[in-house]
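Here is a short tour of one protein chain, written to be read with the model open beside you.

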Amino acid sequence: MTSAEVTRRRVMGFGLGALAGLPAGCSGDSGPVRRLRLATGPEGGPYNAFGQALARAVAASGHRIEIVPVSTAASVDNLRKLDEGSVELALAMADVAEDAVLGREPFLRPAAATALARVYVNYTHLLVPADGPVNSVTDLAGRPVAAGAAGSGVQVVAERVLRAAGLGGAPATAPAPVPVPASAADERQLGLAASVTALRERSVDALFWSGGVPTPALADLARELTLRFLPLDAHVGPLRDRYGPVYTAVTLPAGVYGLTEPVGTIGVGNYLLARADVPQGVARDLLQVVFDRWRDLLREVTAGARLEPRFAISTGEVRLHPGAVAYYRSVYG
């Protein structure tokens, strides 16, 4: 049985109990407008683009919901904000979301978060100048690497890949000072725009990114600079063994970024999350908008992606919000 099938059965079983507690006619279409703050990511990034598109779609839907996108450092930061209650909704990578609800590093205790949907898959990019000295992950030993902004999901997956390759230093969350092995890569905490600039100027030898395909900033860079995308699919197995099935094998297709052949890499889902105290009817109405307008929501984020209920309910260790259960049961019948 696949993990998706296991999750689907869990959803349907949980849904029977959850629906029994739903008041008749529960909906966000009566009463005052419900204002929901959505933790996204840095301005200009894919999470922020998704959040802005969702806000527009909800505003045009007629539901009495207002989405207010909040710019953040992305996944880790978003889960912390959701847990503390400064936002009601958040976007986060699946590995970070599972760390949060299980209370794993960098989270000190289990975070209060439920899932509305798995909305799309991030592709892990590791790119280097084609005329540079790096031809494999192991060549990054001792070299400067743009490894994602502090508090981002990119930083989490970059650290894990480097550790799996024997090149990891101390986690970014470790108390300083911590000795860094000479064999470790020199991880620089840089957001996407700063990472692109650093690679263009050759102040780093490699760039990690986790996002949709193509990511516009990387597509622009590929038109300026001949790039090599390093395969990472060999690390999927070790990562799954240690962290579970949040990591999958995916492929950067030929044609994007000027690639002449596919490159295997690591896929990580992205979750739309909510606090459990978001009303069930509001969560259900919000998902109706997400599924009605998914093409608009994903257009600026990742090409060729689809959003379907059987995909969306695969949220692993992050339990579904009762309002999400109600929505998916209405879809499955």
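## Surface and overall make-up

Accessible areas here come from the Shrake-Rupley method with a 1.4 Å probe; for residues, only the protein chains shown count as cover. On that basis the chain exposes about 13900 Å², and carbon and sulfur atoms supply 52% of that area.

A word on the source: this is a predicted model, in which local features need pLDDT of at least 70 and side-chain atom pairs count only at pLDDT 80 or more, while totals for chains, interfaces and linings use all residues. Residues are numbered from 1 along each chain as its sequence is written, and side-chain values use heavy atoms, with hydrogens and water left out.

The chain has twelve helices and ten strands, taken as DSSP runs (helices H or I, at least four residues; strands E, at least two) numbered from the N terminus. Of its 333 residues, 51% count as buried, meaning under 20% relative accessible area (1.4 Å probe, protein chains only).

## The nonpolar core

Now look inside. The largest nonpolar core has 107 residues; such a core is a set of buried Ala, Val, Leu, Ile, Met, Phe, Trp, Tyr and Cys residues joined through side-chain atoms within 4.5 Å. Strand β4 (residues 114-129) gives the largest share of this core, eight residues.

Leu116 is among the residues with the most contacts inside the core, as are Leu273 and Tyr328. Leaving aside residues up to four places away in sequence, Leu116 touches Leu89, Ala283 and His321, among others, where contact means heavy atoms within 4.5 Å.

Conventions: Buried means under 20% relative accessible area, exposed over 50%, partly exposed in between (1.4 Å probe, protein chains only).
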